Amino acid sequence: MSISEDRRPQGVRPSLFLERQSYRRRRLSDAARFLPILGAALFAIPLLWPGSDEAGDGIRLSSAILYIFVCWAVLIGISLVFGFAARRMATQDETDQRPD
Amino acid sequence: MSRKVLLIEDEPNIAEAIRFLLTREGWQVETHAEGLDALRVIQSADPDLVILDVMLPGKSGMEILRDLRELEDLKTLPVLMLTARGQLRDREMAENAGVSRFMTKPFSNAEVLTAVRDLHAQATRS
Amino acid sequence: MATLNVLILVCLGYVVLLFGVAFAADRLAAAGRGAWLRSPLFYTLSLSIYCTAWTFYGAVGNAARSGLEFVTIYLGPTLVMISWWWGLRKLVRVGRSQRVTSIADLISSRYGKSNTLAICVTVLAVLGGTPYIALQLQSITLSFSIFAEADPTGLYREGSSVFWVAAGLAVFAILFGTRNLDANERHHGVVTAIALESVVKLFALLAVGIFVVWGVAGGLGPMLDQIDSSEIGQWNVDAGRWTTFVFLSAACFVCLPRMFQVMVVENSDEAHLRTAAWAFPLYLLLMSLFVVPIAVVGLDLLPEGSNPDLFVLTVPLSQGNEWLAMLSFIGGFSSATSMVIVTAMALSTMVSNHVVMPIWLSTQGGAGSVSGDVRHVVLMARRISIAVVMALGFFYYRLSGGGAALASIGFIAFAGISQILPALVGGLFWRGATRTGALVGLTVGFVLWIYTLLLPEMGGGFMSGTIIQNGPFGLEWLRPQALFGIEDMDPIVHSVMWSLSLNTVAFCVASLLSFPSPLERLQGAQFVNVFDHSVAPRGWSGFVAQSEDLMIMTQRILGAGPAQDFFQAESERQGGRSSLPEPTPAFLERLERELSGSVGAATAHAMIGQIVGGSSVSVEDLLAVADESAQLLEYSSQLETKSAELTRTARQLRDANTKLTQISEQKDNFLGQVSHELRTPMTSIRAFSEIMRDTDGLSPEEQTRYAAIIHDEALRLTRLLDDLLDLSVLESGRVNLNMGGDTLRSVLDRAVSSALAGSSSGIEVRRSKSAERIPLHTDLDRLGQVFINLISNAQKYCDADEPVLTISAHDVGGQVVVDFADNGSGIPPEARSMVFEKFARVSGEKAGGAGLGLAICREIMQRLGGEITYLPGQGGPAFRVRVPLAYRQAAQ
């Protein structure tokens, strides 16, 4: 029966686990943070390719173009998906807040 | 010469035992089993000695004793007090209230008789 | 045959079209029907002013020279856009909640509204923007010259055409950007025109690309083969340049004044970023999709030495497709004009707000700020600024000779503008960033950029070759392009590396060493924690000074009582018509003095200035700072709290002690009572056994009688010990209940017969047996014990002549209620609360038991989940027993 326990109002203890929805939301914004890192990593990979000095052994330009543009398209796709998820989150927030 | 003892005790069996003992010693024994009008009974009976129980219905023996010592003609009346509570505090209270002799139940018959004899002897000597 | 004259006509026609679109959009917005103009699509398209003529023409040139390197300037912005959630979103939120008008305004606002800083950023932006504008002039002039070459009849002179292009663009920008002075710095018309231009340039580039791949190369497969077999057919990108350019383009995407203008200032809804996050990278991807094919085909088709920067035009021309070339020209023209317009607008806003207006206001001696012609002055300042910016671009072009490749001029501008990045990012994410840090960092980066890149690249007129070769004063380690002896690096990579890294280091160190002003700290908190403070972006309407706001703030600082007293006094001083005083200057002065006692004069001044001055700081932010400065007060109040807690603890200890004493007294009492109850029967037993032992000649009757007394008293003693044990078991809770089911009737039957057994006194028991058919599930023996106790009490103590006990039972909501009432004299009210206590005896009552019966009953009923109470108002003693129908339910 310590004093501090007495003074704490019953039932306002912060819950240890977030509800599923806000958990999803947090992971979604985590994903948003990882996306540019992924992009930077993808676009850094060409730096490892050999240059054209060794005659004929270099990466062909068409392959390089293909790689860059495919990576680019993938990032755009993920960003698109995240954009829609963020919109759904935002509308949910609005409906959540309305009853208050 | 008639010696009269007033026994104020609410337990009928104990009262009967004491009456039996003292009657055989030649005492005239009157009994009373209630606390509230005990003082009035003492005054009207005018006994040579009072045997007073502590736990009485209506009014405790301690209070009766204190009231009794307030009265001028009863200041020296020998009072033998009996109690079943047997705690040191009770004895002190009784002595402060002016008891002549204090005894704890259960007592032996000989003890009661000796106490009554001594108290009466003291009273008649003085 | 497209002559030069036709081309000029087309250009003018296009400009008129743009102006018409912009005008219509402004009209729509003014009429409130322009909601669709503020859609995410328009926002995304307006962002594409990032793609200037440099990217339109220069990307192909760059590809023809360095292969895929050109793609870096698109990858940087892509990375920025896909990280919008934690980057741009914050920038836009801050920009909107602070109502900033430009990047210079944002930096200045973050660092305590420092105008010095604003001027620094403005100068940097103008210097960085000048080569950029020169670049646009160059691209338009070059594209004209291509058509001039194809048109032998035309009289084309390069020098005069640059001047006319510059002048035309200046007029164009002035007409577009400063037609009116919008309070919120948003220009629907311009944004719409830019969106149109974005579509045009994308369409033009795609058209040329499709023509090249399917019209010239003969399809996708042959195109790829041709790419691989071309002179740029292998991956050959310098790692340093690749990384630097991606980083640089990302930095400039945020820092460029024109990008800031469209991205933050013109932003009408934060949610547009969601769409732009994927749509703008897609736009960039499409813009770069055909760059390499055009470059490869151009290299293949056109004679050696052709300018690759113009392949977009020359390839269609060489194939005789003049209309496609015309479309391509329009695309390039679009890129250049949109960029120039927005840049000029953004720069002129900065120049007029941070350079011209402060100077003008100071010359007016403060009178101008209240007179009505400020707007006129601002507009004029902006128009002149645009002209000056364009003139600078023109002179830069003339001085640099227009010889450098488009792409390298672009990167010089990028490197200059990116010097803002440390101050911007630090300001958004680090509360410790200070004005001094930002100033020092900017200066270091700025100077290094000029010294290592701008001057050497501009050529002999600005920096002599000997300095570049041997360093100033012969100090080799200070050579502009090999600073500290690091040689053989690409000049741009070298410059960016040194200027940005030293800029950042200087910014951080100076921030750590300096101490920010209160306003700076306030703004810092507001910027860094923008998502905590502003739930949604606030409107742009002016902030109204409110006495209530002042009141709230004052309460936070002074405490509620003193604040209310102060305001009350002030209100009375003013005549007391309302509960809050009007914010008159005199009142504000007194309030400031009052507050400065708590938070210091400077903070108080800044805070009141913010509320009353109507600047963009919200009350919430002020309160945040008020809280911060109240931390010291809080500390002392914590000490008070602690001492109060000690007092409380001491009191609790005292209470506990009193309780213990009481418990100890109760224990003494209980022991005394137990002792009394034990000694009383023992006294009788001892006395009579001694009588029987010591007395001769007792009559047989006497012997029998005394033996019976001894027997009775011994039984009484046993009963007392049983009760005591029972009670102690019940009270300790260690009792085992034997659950069983039966009807109330049979429990009562057994209890009545058991209680009355062997008793001669006839108490009449009245029952209503039909009402007793209630099934019970409980400890039947214990319940029976309670009933027996109540019945025998009635039997023992009922003093009526004809004693009658009435037992009535009924079922009330899951509980059985059984009442026991007899016709004896009742228990006096003052004794009723006592009857369930241990050893309690109602006065006058003859002791038949030890006085534990009802105490035991109460304990049993508690164990069974019911209760026993005295039932008053029945004429005689009455007890009510409540017991749940099913024990388990009640226990839960």
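## Chain A

Of the 100 residues in chain A, 16% are buried. This structure is a predicted model. The secondary structure of chain A consists of three helices and zero strands. Followed along the sequence, these elements give the pattern α-α-α.

To count as buried, a residue must have 20 or more other C-beta atoms within 10 Å of its own.

## Chain C

Chain C contains 36 helices and seven strands. It comprises 892 residues, and 47% of them count as buried.

The contacts inside chain C can also be described by separation along the sequence. Taking the contacts between residues at least 6 apart in sequence, 80% connect residues at least 24 apart.

## The contact between chains A and C

How many residues does each chain bring to the contact? Chain A provides 33 residues and chain C provides 34 residues. On the side of chain A that touches chain C, helix H2 (20–44) and helix H3 (61–97) each supply at least two residues. Which element gives the most to this side of chain A? The answer is H3(A), with 16 residues.

The side of chain A that touches chain C may also be sorted by residue class: 22 residues are nonpolar, eight are polar and three are charged.

## Summary

Chain A, with its α-α-α pattern, meets chain C through a contact that takes 33 residues from chain A and 34 residues from chain C. On the chain A side, H3(A) gives the most residues, and the classes comprise 22 nonpolar, eight polar and three charged residues.

Technical notes
Residues numbered from 1 in each chain as written. Chains lettered and ligands numbered in written order. Predicted model: local features only at pLDDT ≥ 70, side-chain atom pairs only at ≥ 80, totals over all residues. Helix = DSSP H or I, 4+ residues; strand = E, 2+ residues; numbered from the N terminus. Buried ≥ 20, exposed ≤ 12 C-beta atoms within 10 Å, placed from the backbone. Contact = placed C-beta atoms within 7 Å. Nonpolar A, V, L, I, M, F, W, Y, C, P; charged D, E, K, R; others polar.
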